[in-house]
Amino acid sequence: MERNKLAYFTAIENQGGVVVRETPKFDLDLYIQNYKGRTRWERLYHIGRTSVPLCVDALKAAVQEAKSGSDVMRYKYAVDSLRQVAPDEPEALLDQDWIDTKNKEIRNTTEHLQAELQGYKNNLIKESIRMGHEDLGKHYEAIGDLETAMDSYWKMRPDVSSADQLADIGKLLIRIAIERHDWKTVSNHLSKHVNAANDSDPKAKALRTYSKIANGIASLGQERYREAAFSFVWASADVPPSVYDKIASPNDVAIYGGLLALATMDRNELQTNLLDNDSFREFLQREPHIRRAITQFVNGRYAACIEILESYRPDYLLDIYLQKHVHKLYADIRTKSIVQYLKPFSCVRLETMQKAFNGPGPSIEDELFMMIREGKLNARIDSINKSILPISVDSRQKMQSATLERFGNYEKQALDRIRRMNIIAADLEVKGTGKTAAMNPIQGGMAVDDSAAVA
Amino acid sequence: MDPRLAALQAFPPADGVDDNNYYKESQEHVKRVREIIKKDTQWIRESAGDILKHVNPAVYSLSYVMVLECLLQAPGWNTQQAHETLASYMAEFLLQFDARQIRCKGSIWSDVLKAAYDDRGLFPASVAAEVVTAALLRLDPSGSVLTSHHCHIVELAYNTGNVEAVLPLIEKPIIYMPAKGMSTSQPVSDMSLPPPAYINLDTELTYALTSSMVLQYDFISGLCFIERRRWQQAFDALERCVTYPARDGGCSKIMTEAYNKWILVGLLLTGQPPTLPDTTSQAAKKIFAIQGKPYKLLAQAFQSNTAADLIREFEVINSEHLQNEANVELAKLVLAHYQRWQIINMRNIYTTISLEKIRERTQSAETGQPLSTVEAVDQLVQSMIVDGSLQGEIARPTDGSPAFLAFLSAPAQGMSEVEFSAKMNKVAQGIMALQPVIEATNKRLASNREYINHTIRRQFDAAREQKLGMQSVGGGFEESSFHIEEEEDLMSGLPAH
């Protein structure tokens, strides 16, 4: 690795950031073409700060992307990063003229839009006021002042005259909340503003898909993986990507949905909700390796599934939303695969398992040890004969022991209750001083008649 | 025969006398003996040996206890010889008396029993503990009523290191507390009466108790069981303190001390932090959360996979709390048991595991390191198998490969229908055996003002609900879980009658 790159990525690693050294399988230009709006810069900059092989290209593209917009800060960030990695690149030089011109332009546009809005307000034309706020919001969003942009979008609400307009406001607010990774706000706006009951109407269908994808991203951010999986899986492939390309691409839907489903659904659910789902199959066509991984899992070829996923790990680590969850999702899929693998057997040799699940982690025995200890796998390891013995749940035995335990506790509880009643009936309870106890539980609540301590 | 001796032998009457007459005669006999004692005190004190030769304590218990009372009140029993003589009379009586006669005049028996353990020092503490325990169980073999004598003797036994002697007493489950107004219309000589009907403040077989005495009894019982390493019983006794009924936000110091020990004992018993039962009062919960926090943190660290957390928490708690609360030894034992529980929990993961792997996978909380040699692991595992805490065996292959631990597995199949039904029958009998206890409690509560108010309120509510067409809310012991609110409803869960 070059000296500049090494210093740059060492600093990122020291700050707890993720650094991916492997070359990803995707093409950066093709990848970024799938998106529109501010998410393009965000993704390029993220890749530039994460991927060693793509770093320079991604940061150069990020500089260009920033320069084609109005967000001066983004431009400065991108140039600053590129300067650290490749100081000799022409894009690494800060274009102060552009900055000055842009700042002046932004000032003028802000003043103009504010004056325009004021004019609308004076004329009391509701529709114009709403549009004035929207223009101002979009302007603030473009220059990176997300807080003020959200305020402006929010101010559109009193002047809406149709459900469609309300949904549009919701989409604007959701877009900003997603950019800020404010997942709870995304969920709030989804429930408040974006409701599409009628699937036959193409507009409603588009809105529904947008809502599913946004909800999927928000649920993923909050680690509600199963809910996120179902959101992505039920997005409609008929809806053109332009509806949601400012937050995700159809490829993302396939990857997020596929991975989350693999981590949270059983084989039957995968078959029904993914492979037999015509709409999601169309998404999967864009990412055939995810479809293969799912098929392998459903067919019980877990090792092959894991192998496919492992080969794409570097790609997923470069995704802005997925990166944080890749490790956990992969671990969950691996755990689930091991559990499913063991299901039909009464005894499996550790050597066989080692071959089947030879991952980058610790030895299979250590992995099984951890899984059993954490309650993820119900089995016992025969460490001497080097085998693992899955334990099947005997419902009858479980019922018997539960019944006996319950009745045993019943007797104990009944005696304890009678004893307590007798204590109370004999006026032998510990008495406090009443209300003060709630305010000062230590002093106010202590009884005074039994200060004797027994050592 | 001396007529006075004949008078002492005039009670009990011959068989066939009913309970009422038996009781009446006993009271008349007490009067007669009192007169003799009043008139011939000197004769009794001087010829006590001769007199008591004719008064068998197992047969003429009432006369015997009255003579003993007279002797105890006499001056001049301070000489060594006289002291020993009186002690032998008392021991003879307390080990043999007829409980039916004693019920008829409890106050004298209580005074005599008290003399056996109070600071007069008639008996050495070890003998006192044994004799008083025997006497209390003779009076009430079920041991279900707590008396003031229980509290004093258990404290004496614990403080003097004679725990063994009181074990038969503290092993009995206490259900009833003595109170006034507990007597029934039936005479106390009726042997079918439940214990609380004859051991109460009216019969004077016990002195009055306070809440701190009851708490202290359970607390010291817990300490006794801790000393004997009987963790389940210690845990139960301390839990009784922790969940002791309280009102108006009350919580006593003993309860918080018990809570701290309860956590430590819980760790030793189950290897996991115990959970507070639902019956714990809200005020106590709040106070435990603050004052017992260091112990709670220690318990959480006990579940950690490495010993470092536990050692760190131990050091924190040791410098601030353990010494003052006399928990140093118990906490050290918890540290010592950390590795043992790690090994026991291996049964949930392995069927067989080499001793070397046990060494690698477990740590001693005393050193913070794995054991230094496989031999040390061997020794530890062996000791655990011997004391019954570990169900397994160490296999030593003859081919020279390393020794390993094989866990004994539970039976693969569940019980047969016959076995299950037999066990269920046994449990059901245990529950049915509660019936007399419930009846006794009901009878006892029938005279309780609060209970009557509660019952009336319940009936009124039920009638109102019926009127409104609502289904009456079910009550009774069939409800599987009990919930105690801040102000505990005294009678919740009892069937209306």
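pLDDT is the predictor's confidence in each residue, on a scale from 0 to 100. This quantity matters here since the structure is a predicted model.

## Confidence in the model

The model as a whole scores ipTM 0.86 and pTM 0.76. For chain A the average pLDDT is 88, and 93% of the residues score at least 70. Among the elements of chain A, the highest mean pLDDT, 96, belongs to helix 13 (residues 250-264), whereas the lowest, 39, belongs to helix 23 (residues 436-439). Residues 436-455 of chain A have a pLDDT below 50, and this stretch has 51 contacts in the model beyond near neighbours in sequence.

Chain B has a mean pLDDT of 87, with 92% of its residues reaching 70 or more. In chain B the pLDDT is below 50 over residues 471-497, a stretch with 40 contacts beyond near neighbours in sequence. Where pLDDT is low, the predicted coordinates should not be read in detail.

## Domains and a helix pair in chain A

The domain assignment divides chain A into domain 1 (3-94), domain 2 (344-390) and domain 3 (395-431). A distance of 66 Å separates the C-alpha centres of domain 1 and domain 3 of chain A.

Two packed helices are described by the angle between their axes and the distance between the axes. In chain A, the axes of helix 14 (residues 267-275) and helix 16 (residues 288-298) come within 9 Å and cross at roughly 145°. The crossing of helix 14 of chain A with helix 16 of chain A is left-handed. Helix 14 of chain A contributes A:Arg267, A:Leu270, A:Gln271, A:Leu274 and A:Leu275, which meet A:Ile294, A:Thr295, A:Phe297 and A:Val298 of helix 16 of chain A. By class, this contact has six nonpolar, two polar and one charged residues.

## The contact between the chains

Between the two chains, 53 residues of chain A are in contact with 64 residues of chain B. On the side of chain B that touches chain A, the elements giving two or more residues include helix 13 (211-227), helix 15 (253-270) and strand 2 (350-354) of chain B. Helix 13 of chain B supplies the largest share of that side, eight residues. The residues on this side of chain B divide into 38 nonpolar, 17 polar and nine charged.

Six strands, in the order 1(A)-3(A)-2(A)-2(B)-4(B)-3(B), form an open sheet with mixed pairing. At its edges stand strand 1 (348-349) of chain A and strand 3 (392-395) of chain B; each has a single partner strand, so one side of each is left without a neighbour in the sheet. The table sets out strand pairs of this sheet.

| Strand pair | Direction | Bridges |
|---|---|---|
| Strand 1 of chain A and strand 3 of chain A | antiparallel | two bridges |
| Strand 2 of chain A and strand 3 of chain A | antiparallel | four bridges |
| Strand 2 of chain A and strand 2 of chain B | parallel | two bridges |
| Strand 2 of chain B and strand 4 of chain B | antiparallel | three bridges |

Within chain A, A:Ser387 of strand 3 is the bridge partner of A:Arg349. A:Ser387 is also the bridge partner of A:Asp382. Strand 2 and strand 3 of chain A form a hairpin with four residues between them, and A:Lys386 in the turn has a positive phi of about 50°.

Where the chains join, A:Ile381 has B:Tyr350 in strand 2 of chain B as its bridge partner. On the chain B side, B:Ser354 has B:Phe404 in strand 4 as its bridge partner, and B:Ile353 stands opposite B:Leu405 in strand 4 of chain B. Helix 21 (residues 374-386) of chain B packs on the sheet and touches strand 3 and strand 4 of chain B. The direction of helix 21 of chain B makes about 145° with that of strand 3 of chain B.

## Backbone details

Most residues other than glycine have a negative phi, and most peptide bonds are trans. A:Glu223, a residue other than glycine, has a positive phi near 60°. A:Glu223 is placed in the loop between helix 11 (202-221) and helix 12 (225-233) of chain A. In chain B, the peptide bond from B:Phe11 to B:Pro12 is cis, with omega near 10°. B:Pro12 lies in the loop between helix 1 (3-8) and helix 2 (19-39) of chain B.

Note on methods: Residues numbered from 1 in each chain as written. Chains lettered and ligands numbered in written order. Predicted model: local features only at pLDDT ≥ 70, side-chain atom pairs only at ≥ 80, totals over all residues. Axes fitted to C-alpha atoms, helices over the stretch in contact; angles between N-to-C directions. Left-handed = near helix turned anticlockwise from the far one by under 90°. Contact = placed C-beta atoms within 7 Å. Nonpolar A, V, L, I, M, F, W, Y, C, P; charged D, E, K, R; others polar. Pairing = 2+ DSSP bridges. Domains from an automatic or database assignment.
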